[in-house]
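Reader: I have a structure open here and I'm new to it. Can you walk me through some of it?

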Amino acid sequence: MSGVLKTAQAGTLESGDIMITIASGPSDSGIVLELDSIVLAQYGKAISQTIRAVLTAQGITDVYIKAVDRGALDCTIKARTLTALGRAGAVLKEDLV
Amino acid sequence: MELRRSMLFIPGNSPAMLQNGGVFGADSVILDLEDAVAPTEKDSARMLVAHALQHVDYGTSETVVRINPLDTFGEQDIRAIVPCEPGALMVPKVQSAADIKKVAEWVAGAEKPGQAPVKLVALLETPQGIQEAYSIAQADSRVVALALGAEDYTASLGAQRSKEGSEIFTARSMVVNAAAAAGIQSIDTPFTDANDEEGLREDTITAKKFGFKGKLAINPRQVDIIHSIYNPSLADIDWAEQVVAALQKAEAEGSGVASLNGKMVDAPIVSRAQQILYLANLLGLRKETVE
């Protein structure tokens, strides 16, 4: 499966967290990532790369993601992205959800 | 034996608190997947704690994860958390040795090859769990401590919780005795009013008198107070050093009996003095360390 089955969300808007909303994209749409962050200028690129790396590792290619970051660490970004994917019906390669 | 004077709960679904858990100086941090996490967020917290264990530096604090009860998400938690190499799992609402045996089997099945064995802390918070304390403590070699959870326990009894804790006198005694008989640690129930520092101090003194080796904490502010009670005082250390010196003097003189200030120094006194010095050495509280 290269996409997700339904729209889902994980994370919060609390400081140190990131809220990830994920929805299925049309076939061959690629990964469409909309990022809002309090540290966009400094870490926007790194956050995008982290989210994209998680999606790629899970074999997700066609998806729409909105991420609202409140200064989350890398491990939090990965965890919230994986949780959102699991909730959206993606079959995760890691048995963590 | 590791120090577990304070074991501090950290909510498992709060990234900000998880990433700062190591700065409070607690002997153990308990990343909580159970009561601190809403039922709809169990998956999210499990994932977050799994990643925190692999990437957050908790300094000298032992990392303990409180999993969910075995009849809810316990097995899922173990599968996800154990490969991330926590120091220990805290198992809630343990009722019997069979519960621990089941957890130990799941843990063994989830450990990676070469991984340090994950220890278990059994949280006893039901009348049956308290009754079975000794068999629980002996159920598996992974069990390193029994902890008392008095809130659920007294709710099951229909007893009212009080500040002085007379309603948990028997439970405290049974947990301490069972743990000591099995050669493991006993950890006291948390003091739940985080704003009452004097109450916490009194409650910790009581726990120490019972023989508990440490106390659960629900707020970082409680850690230093708990440590101040559990750390040996300068007077304790001074006394312990005098006991050891009296013993050494007696041995040097070929006498089979040592005495200090007119009182016989017998085996329990020596044992207590050695425990105080061991703790003082571990915490760097002595002026000069005697090997």
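Reader: In what sense do strand β2 and strand β4 of chain A pair?
Author: Strand β2 (residues 18–24) and strand β4 (residues 63–69) of chain A pair in the antiparallel sense, over seven bridges. Two strands pair if DSSP finds at least two bridges between them. Helices (H or I, at least four residues) and strands (E, at least two) are DSSP runs, numbered from the N terminus. This is a predicted model, where local features need pLDDT of at least 70, side-chain atom pairs count only at pLDDT 80 or more, and totals for chains, interfaces and linings use all residues. Residues are numbered from 1 along each chain as its sequence is written, chains are lettered from A and ligands numbered from 1 in the order in which they are written, and side-chain values use heavy atoms, with hydrogens and water left out.

Reader: Which residue is the bridge partner of A:I18 in β4(A)?
Author: A:D69 is the partner of A:I18 there.

Reader: And what is the strand order of the open sheet in chain A?
Author: The order is β1-β2-β4-β3, four strands with mixed pairing. β1 (8–10) and β3 (31–37) of chain A are the edge strands; each has a single partner strand, so one side of each has no neighbour in the sheet. From one strand to the next, the twist averages 15°. Axes are lines fitted to C-alpha atoms, for helices over the stretch in contact, and angles run from 0 to 180 degrees between N-to-C directions.

Reader: Which strands of chain A does helix α1 lie across?
Author: Helix α1 (residues 40–57) of chain A lies across β2, β3 and β4 of chain A, and runs at about 145° to β3(A). Helix α2 (residues 74–87) of chain A also packs on the sheet, touching β1 and β2 of chain A, with a direction about 35° from that of β2(A). Contact here means heavy atoms within 4.5 Å.

Reader: Switching to both chains: how do the axes of α2(A) and α2(B) cross?
Author: The axes of α2(A) and helix α2 (residues 42–55) of chain B come within 9 Å and cross at roughly 150°. α2(A) and α2(B) are therefore roughly antiparallel to each other. Angles under 35 degrees count as roughly parallel, over 145 as roughly antiparallel, 65 to 115 as roughly perpendicular and the rest as oblique.

Reader: Which residues of α2(A) and α2(B) meet?
Author: In α2(A) they are A:C75, A:T76, A:K78, A:A79, A:R80, A:L82, A:T83 and A:R87, and in α2(B) they are B:D43, B:S44, B:M47, B:L48, B:H51 and B:H55. The residues of this contact divide into five nonpolar, five polar and four charged. Ala, Val, Leu, Ile, Met, Phe, Trp, Tyr, Cys and Pro count as nonpolar, Asp, Glu, Lys and Arg as charged, and the others, Gly among them, as polar.

Reader: Now chain B. How many strands close into the barrel?
Author: Eight strands of chain B close into the barrel, in the order β1-β2-β3-β4-β5-β6-β7-β8, with parallel pairing. The twist there averages 25° from one strand to the next.

Reader: How many bridges pair β1 and β8 of chain B?
Author: Strand β1 (residues 6–11) and strand β8 (residues 214–217) of chain B pair in the parallel sense over three bridges. B:L8 stands opposite B:A217 in β8(B).

Reader: What does β6(B) pair with?
Author: Five bridges join strand β5 (residues 119–124) of chain B to β6(B), and the two run parallel. B:L123 has B:A147 as its bridge partner in β6(B). β6(B) also pairs with strand β7 (residues 185–188) of chain B, in the parallel sense over three bridges.

Reader: Is B:T63 buried or exposed?
Author: B:T63 counts as buried, at 14% relative accessibility. Its place is in strand β3 of chain B. Among the residues that B:T63 touches, not counting those up to four places away in sequence, are B:V29, B:L53 and B:E85.

Reader: What about the phi of B:E85?
Author: B:E85 has a positive phi of about 60°, although it is not a glycine. B:E85 lies in the loop between α3 and β4 of chain B and counts as partly exposed at 43% relative accessibility.

Terms used
Buried means under 20% relative accessible area, exposed over 50%, partly exposed in between (1.4 Å probe, protein chains only).
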